[in-house]
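Hello,

Here is the structure I promised to pass on to you. My notes on it follow below.

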Amino acid sequence: RRYLKIIIWQMLLVAVICLIATEPVPMRTALERARDMPGIVVDVGANGGAETALALAHDRRVFAVECLSDAYIALRQRFLGNSNVTLLHACAGRDSELRVLHLADDSSSLIAQNVGFHYERQKAARKHNVARNKKEAVVVVPLDSIVNETVALLKVDVQGFESEVLAGARTVLVRDRPVLVYESDKRFAKTKVSLPEGYVCQHVEGDEICEFKSSHTNI
């Protein structure tokens, strides 16, 4: 019996280590930096829900925005009945408009050339994407027009469209000064991210984590 208990404890230890290893490090770091800030977490490009789940584990309510219809359906199933998660099937951007989402599963992008790299191109060529002509019509809305609550943390992962999302969240950024974490993949075509005066950013495992620090300009 003692041997069995040791085996069980070893298995639990391995499970915990695996869980920690698979957690999104930039998001965990951003949540820690926002721990004393009031407000919700806004997860733009929620995809499989890893960052949303992590925010929930840190006792945050989450407003999750997902552009891709398949991913949105999966999110609904994953967080069904969770009153701390609000899901929106839309893309975030600078303006309210209709656009085309170029399909490549979890690498889908509003920028066509960003699904043309090696791994993204392989995903785009999968049968279910080809069957839809590798495209999906989507609605784009600015976060400023839909987020009325105080925001403690804003996460953005949208395959090169980050600057447009942040341009449409200018009021939120100035009003609440949330911690910001956004994807910074140099492969993707994108315009330069411009943040309100006072934000300072640090590169962490492929993402930028930005905090409001002072009156210095950060562009």
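**The largest pocket**

The largest pocket has a lining of 29 residues, and Asn47, Asp106, Ser108, Asp157 and Gln159 are the ones nearest its centre. Two or more lining residues come from each of β2, β4 and α5 (118-124). The space in this pocket is about 440 Å³. Sorted by class, its lining holds 12 nonpolar, 7 polar and 10 charged residues.

A word on the terms: a pocket is an open set of points on a 1 Å grid over the protein atoms alone, where a 1.4 Å probe fits and protein lies on both sides within 12 Å along at least five of seven lines; lining residues have an atom within 4 Å of a point. Grid points are joined across faces, edges and corners, and the volume is the space filled by probe spheres set on them. Ala, Val, Leu, Ile, Met, Phe, Trp, Tyr, Cys and Pro count as nonpolar, Asp, Glu, Lys and Arg as charged, and the others, Gly among them, as polar.

Please keep in mind that this is a predicted model, with local features needing pLDDT of at least 70 and side-chain atom pairs counted only at pLDDT 80 or more, while totals for chains, interfaces and linings use all residues. Numbering starts from 1 along each chain as its sequence is written, and side-chain values use heavy atoms, with hydrogens and water left out.

**The sheets**

Helices (H or I, at least four residues) and strands (E, at least two) are DSSP runs numbered from the N terminus, and two strands pair if DSSP finds at least two bridges between them.

An open sheet of 7 strands has the order β3-β2-β1-β7-β8-β10-β9, with mixed pairing. At its edges are β3 (85-89) and β9 (199-204), each pairing on one side only. Strands β8 (179-183) and β10 (207-212) run antiparallel, joined by 4 bridges, and Tyr182 has Glu208 in β10 as its bridge partner. Between β9 and β10, also antiparallel, there are 6 bridges; here Gln202 stands opposite Ile209. These two strands form a hairpin with 2 residues between them, and Glu205 in the turn has a positive phi of about 50 degrees.

Another open sheet, also mixed, has 3 strands in the order β4-β6-β5. Its edge strands are β4 (91-92) and β5 (97-102). Antiparallel pairing joins β5 to β6 (135-141) over 6 bridges, with Glu97 partnered by Val140.

**An aromatic pair**

There are 2 aromatic pairs in the structure. One of them is Phe117 with Phe188, tilted, at 6.0 Å centre to centre and 55 degrees between the planes. Phe117 sits in the loop between β5 and α5 and Phe188 in the loop between β8 and β9, 71 residues apart. Rings of Phe, Tyr and Trp (its six-membered ring) pair if their centres lie within 6.5 Å; planes under 30 degrees apart count as stacked, over 60 as edge-to-face and the rest as tilted.

Best wishes
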